[in-house]
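Here's a quick briefing to read alongside the model. Have the sequence and the 3D view open as you go.

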Amino acid sequence: MEHEISVSPEEISLPESWNKLPMIAGGVGLISLIASYMMGHGSQQFSFSYLTGFMYWLTLALGGLFFVLLHYLARSGWSVVVRRQAEHVMGTLPVFVLLFIPVALGMHDLYHWTHADAVAHDPLLQHKAPYLNETFFFIRAAFFFAVWTMLSMYFRSQSAQQDKSGDPDITQRLQTRSAPGMVLFAVTIMFASFDWLMSLEPHWFSTIFGVYIFAGCVVSIFAFLILLVLQLKGSGALTHIVTWEHFHDLGKLLFGFVVFWAYIGFSQFMLIWYANIPEETFWFDMRWDDPTWRWTSIFLAAGHFVVPFFFLITQWVKRQRLTLTLAALWMLFMHYVDIYWLVMPTLHHEAFQLSVLDFTCWLGIGGLFLAVLFSLMQRSTLIPVKDPRLQESLAFENP
Amino acid sequence: MADDKVTAGDGTFGVLAEFSSPETLMHACAKVRDKGFSIWDAHTPFPIHGLDKAMGLKRSWVSAFVLVMGLSGAVLGMIMQWWVASKAYPLVISGKPFFSWPAFIPITFECGVLGGASGAVLGLLIMARLPRHHHALFNSERFKKVTDDAFFISIEAQDPQYDSAETPRFLEEIGATYVEPVAA
């Protein structure tokens, strides 16, 4: 385009009404977490509820990391105006080191391969012991968090530096480094899902499990970005910067990964169903034999795929505030159902049983996550003002 | 067909106007649109972003073809497998029921993709009224440049606003470098 699109300073600074949010979110988060701990529903229920909430928000933060890596890897132009919010989402990753502590403390409640007496009577767990042992578990966790902290801090600080210098070489450099970054991301999210979710049932194994978690993580980041940016626009920021063309694209990606999630979920199910080997099928039996869990499974398949597939398929749904908000909120809810469906049958295998801790732990970790997110948002402009592809993004229209 | 009506008239298909650049073509299209012409088209050697808006084109119907054909493909794919596996040639495979739907999902999915892709191609051909062996615009020697370096607007004689004297003048006014009538 020949003429430059100018950006006014009011549009790219955080609206004043958002300044109180870190305090509110942090307060709600802390109170919920303390209350969850004090409520005395037993340490097992607390650990499982906490793990569900932890994995929910962690996958969202990892989704932010994926969005930024993908943006540079694909050298995309359109997404420059929403990239800064994704950078903030991944900026919360270092905090998850602290949030991991209750998971580490509750590991004996969560993972029965940590019980020496259980392993002593179980040849399969003995066979898996070189991988599934506490020392190696913590070494791996340290490696995951080191990689995530390093990647998120590096990409964030470089982007912040470009805000000042406007140096296009930074973009070039990040494009080059996003490729090994993406490999590291894939390896870490894969093994983190094996360690923290799949090892809840240490007898069970599924090589596609990490990809399944990844699919849910990408669905949640697109839904979250849509909501966050819509709220920013609602508060009077980014008015002429993020347009319906950008939301349309975010909606298309949300739709695409809803389908990808179903594709991966069904691939995992079909191979196990077809082979019909008891060592593998018991994991699905736990989610099917009991009628309450069966309805949860049906609800998951319908609510995470069938309904949003037909809802999001038309163009106008992705270009209306109300319909897009509904779709994003619904997918964030279904992402919780998904994580819950992965974690809880291990604890309540006799029947689906909701606990107040499920809600308070989710709220607690979410409150702390949002508190960090909002305070990171205060520290920079809402878009990368000197990105070499900013003009391309501002002028973006769907072909 | 459109051609029949034109030949029934005074023997002209319409008028062809050449423009020198995508920008001038784009502005001219907006003016032709605002003037209220309805039976006209723009011709370019390569796709130009935003031209559909400048021409005032409505949303394409191709996506509807894709949806209907895609869903039909998926449904037919599933019915075919149900019929083969449980009616025509029932075989017990790994001890499972004859109608084991999870095993049929991959082929159902592929049939849906096949239907959707065919729907896109067919929909495009139908909407573009292709294939056809000839078009009146090929009567113009000049029009051959459309695959190389020239940008054209054609307005057909059957457009209610068309006037054999006024319309060429209007096209020259809005920046055409060359205007000629085209025989039907």
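Which residue in S3(B) does B:Ala17 stand opposite? B:Ala17 faces B:Ile153. Keep in mind that this is a predicted model, where local features need pLDDT of at least 70, side-chain atom pairs count only at pLDDT 80 or more, and totals for chains, interfaces and linings use all residues. Residues are numbered from 1 along each chain as its sequence is written, while chains are lettered from A and ligands numbered from 1 in the order in which they are written.

**The sheet in chain B**
- Strand S1 (residues 12-19) and strand S3 (residues 151-156) of chain B run antiparallel and are joined by six bridges; strands pair if DSSP finds at least two bridges between them.
- Helices (H or I, at least four residues) and strands (E, at least two) are DSSP runs, numbered from the N terminus.
- The open sheet has four strands in the order S2-S3-S1-S4, with antiparallel pairing.
- Strand S2 (40-43) and strand S4 (178-183) of chain B are the edges, each pairing on one side only.

**Helices in chain A**
- Helix H2 (residues 43-73) and helix H3 (residues 80-91) of chain A pack at about 135°, with axes 7 Å apart; axes are lines fitted to C-alpha atoms, for helices over the stretch in contact, and angles run from 0 to 180 degrees between N-to-C directions.
- H2(A) and H3(A) are therefore oblique to each other, a label for angles that are not under 35 degrees (roughly parallel), over 145 (roughly antiparallel) or 65 to 115 (roughly perpendicular).

**Between the chains**
- Five residues of chain B are in contact with six of chain A (C-beta atoms, placed from the backbone, within 7 Å).

Conventions
Contact = placed C-beta atoms within 7 Å.
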